[in-house]
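Have the model open while you read.

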Amino acid sequence: ANAIGPLAAVWMVFSTGRVASSAAVPAWLLAYGAVALDLGLVTYGHHIMRALGNKVTYHSPSRGFCMELGAMLTVLVFSKLGVPISTTHCICGATAAVGLCGGDVRAVNWKMVGTIIFGWLLTCPAAGLMAGLLFVMVQAAPAPPPATASSSSSSGNGFVELWPRQRLRRALAPAKASSSSGPGNGFVELWPRQRLRRALAPATASSSSGP
């Protein structure tokens, strides 16, 4: 659920090719987030509920109400201030604080609290490392030649180019009769391997009318 905002920004850049300070969230993106949230709750969410409900401190209806109310107020206040916070951090802190209100430090399972905090500290560099490696892989992938201003048949939307398979299909498509700049000499067409090599070769500064 917390990733819908960044995902909406990614979708805006992918679909429009521009970057803005705010992005509209389509309805299908909200539906996708709801389905993904339900799948996470069914597959692994019960483990989180078991850990917070049984392994941190004693729970009762009144204690649970105070935990949820405190976490809710914290989220509302910091959201109003524009400070990004995590709802999971809020409910974990509220659970430990309500356990301490019983007057006994031993009422809280500090070993479980330490495990939760260690998971928080570990996920930040782990997510950064994975995202960095994925970006390096995408950046090192073969890129299409840059489209010129006079090229009226450029692929993509100005920001996202066609995938290599689409470029390959377009390169191997039969030449039209009205195409005067197609490969070959007007009588003998190039072989598919030659056409593929010419289509995937980097564009030169002097070629403004395609291969």
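Let's start at Gly 5, which lies in helix α1. Helices here (H or I, at least four residues) and strands (E, at least two) are DSSP runs, numbered from the N terminus. This is a predicted model, so to speak of local features a pLDDT of at least 70 is needed, side-chain atom pairs count only at pLDDT 80 or more, and totals for chains, interfaces and linings use all residues. Residues are numbered from 1 along each chain as its sequence is written, and side-chain values use heavy atoms, with hydrogens and water left out.

**Around the start of the chain**

Gly 5 has 43% relative accessibility, so Gly 5 counts as partly exposed. On that scale, buried means under 20% relative accessible area, exposed over 50%, and partly exposed in between (1.4 Å probe, protein chains only). Gly 5 and Leu 29 sit 24 residues apart in sequence, with 9.7 Å between their C-alpha atoms. Leu 29 is one of the buried residues of α2.

Between α1 and α2 there's a loop, and Pro 26 is found in it. Pro 26 is partly exposed, at 21% relative accessible area. Its C-alpha is separated by 9.4 Å from that of Trp 11, 15 residues away along the chain.

**The bent helix**

Where does α2 bend? Helix α2 covers residues 27-54 and bends by about 65° at Tyr 44. That bend is the angle between axes fitted to the seven residues ending there and the seven starting there. Along α2, Leu 29, Gly 33, Gly 45, Ala 51 and Leu 52 are buried. Their cover includes α1 (4-16), α4 (87-100) and α5 (110-140).

**The core**

The largest nonpolar core is made up of 14 residues, and those with the most contacts inside it are Leu 52, Val 56, Met 67, Ile 91, Cys 92, Val 108 and Ile 116. α3 (61-81), α4 and α5 each supply at least two residues of this core, and α4 gives the most, with six residues. A nonpolar core here is a set of buried Ala, Val, Leu, Ile, Met, Phe, Trp, Tyr and Cys residues joined through side-chain atoms within 4.5 Å.

What does Ile 91 touch? Leaving out residues up to four places away in sequence, Ile 91 touches Leu 52, Met 67, Glu 68 and Ala 71. Contact means heavy atoms within 4.5 Å.

**Cysteines and charges**

How many disulfides turn up in a search of the whole structure? The search finds zero, a disulfide being a pair of cysteine sulfur atoms within 2.5 Å. Take Cys 66: its closest cysteine sulfur is in Cys 101, 8.3 Å away, so the two are too far for a bond.

The salt bridge count comes to one, where a salt bridge is a side-chain nitrogen of Lys or Arg within 4 Å of a carboxyl oxygen of Asp or Glu. The side chains that meet in it belong to Asp 104 and Arg 106 (3.5 Å, N to O).

| Residue | Relative accessible area | Class |
|---|---|---|
| Cys 66 | 45% | partly exposed |
| Cys 101 | 69% | exposed |
| Asp 104 | 33% | partly exposed |
| Arg 106 | 73% | exposed |

**The whole chain**

Stepping back, the chain has seven helices and zero strands, running α-α-α-α-α-α-α from the N terminus on. Of its 211 residues, 14% count as buried. Among contacts between residues at least 6 apart in sequence, 48% join residues at least 24 apart. The chain exposes about 16000 Å², with carbon and sulfur atoms supplying 68% of it; accessible areas come from the Shrake-Rupley method with a 1.4 Å probe, and for residues only the protein chains shown count as cover.
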